[in-house]
2 protein chains.
Amino acid sequence: MTENSREKILLAATKIAQAHGYNGLNFRDLAEDVGIKAASIYYYFPSKADLAAAVAKRYWENAAAALETLSAESADPVSALRRYPETFRWALENENRMCLSGFMAAEYDDLPEAVKKEVQTFADVNVAWLSKVLSAAKVVSPKKSEPRARAIFAAVGGAQLMARSRSDITLYDTLISSYRAAGLLPA
Amino acid sequence: MTENSREKILLAATKIAQAHGYNGLNFRDLAEDVGIKAASIYYYFPSKADLAAAVAKRYWENAAAALETLSAESADPVSALRRYPETFRWALENENRMCLSGFMAAEYDDLPEAVKKEVQTFADVNVAWLSKVLSAAKVVSPKKSEPRARAIFAAVGGAQLMARSRSDITLYDTLISSYRAAGLLPA
DNA sequence: ACCTGAACACCGTTCAAGT
DNA sequence: ACCTGAACACCGTTCAAGT
């Protein structure tokens, strides 16, 4: 119960940013969630930019860990690949939130440099994992695994975005099914 | 040269919203672009919600007209389909902007009801056009043309989002190529 | 009809001050 | 070490007033 404030701030800020983005994250509401005053956040993070960068960094670190777990839990690369869309489904299940990095990709123009960097790392981590698994699964030739990985990442992000705009998680599932039927993802 | 202020506001607001979203659209900067004061905007639009709804409505109306032109200009449905990604490429070419409705899909939680409605109509217009053209092109069976239309719309939006986050229009082009190679779009 | 200045409660941020 | 209140220039919005 003696969780420290820094950790509470990070957790609350992540949830807010997934629903409202960088621009929609405000210190007074965040502070209220945590149970402190807005000015106190500056004791832990020197600016909104630093807080957001820390949030985005933690975000891709967790994503990387989740993908490693997925690989470890899966019997073979094809089944790991089949389960990849689950990692993006999770956000929609939780109050129709979306991928932090997807939201921030839209807000690109308003993002401080340090935040942009972490957002791009999230994409890199996903593309690297997909590329590795696609190669191992022999779904495409090794040479084409990276372009295909990027295509899958972009398409899954687009599916999440569209499903969110309808607050309809079943739309996400049918989009993923269509990607499979079309051949973008292994059936 | 005697263009009216209402029209100028609509035009300037569209450009701002494509770069910064609904949350990032502010009346003082917008008014400065137009050459009036922030309070004057209220003479034309009763609120930010109304302005944004008008912007989003105009946006899908223009998109619908552009798609009709595309159909009319194309010799056959397959070539119309091949040129569909161009409609989303345009925004990136113009100062790395993105589709207004894609941005607002992310901002879903913060959108007034009237704006949500117009954003969804944009998606509907695109899916209806794609569905019609896919059927005519016999790319998929008539029954599967609508799910496929949705998949294409979501994937192209995702490609735009990812390319924007790198400010790299060539990434958009390679993503579209990968979609074609994978079979999502006709080669 | 079209526009403005001044005011309101709200934002990120700073800072001196409290324990 | 951890937190606060008060202040700053900024937001959307209102309104009485100007031409």
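Which residue of chain B forms a salt bridge with Arg166(A)? Hold that thought while I cover the ground rules. This is a predicted model, where local features need pLDDT of at least 70, side-chain atom pairs count only at pLDDT 80 or more, and totals for chains, interfaces and linings use all residues. Residues are numbered from 1 along each chain as its sequence is written, chains are lettered from A and ligands numbered from 1 in the order written, and side-chain values use heavy atoms, leaving out hydrogens and water.

Okay, back to the question. The partner is Asp124(B), and the closest N and O atoms are 2.6 Å apart. A salt bridge here is a side-chain nitrogen of Lys or Arg within 4 Å of a carboxyl oxygen of Asp or Glu. Between chain B and chain A the count is 4 salt bridges.

Now, the interface itself. Each side matters here: 40 residues from chain B and 40 residues from chain A are in contact, meaning heavy atoms within 4.5 Å. Together the chains bury about 3,300 Å², with 60% from carbon and sulfur atoms; that's the accessible area (1.4 Å probe) lost on putting the two parts together, summed over both. On the chain B side, Ala106(B), Leu161(B) and Arg166(B) supply 16% of the buried area, more than any other three residues.

Last topic: cysteines. The structure holds 0 disulfides over all chains, a disulfide being two cysteine sulfur atoms within 2.5 Å. For Cys99(A), the nearest cysteine sulfur belongs to Cys99(B), 18 Å away.
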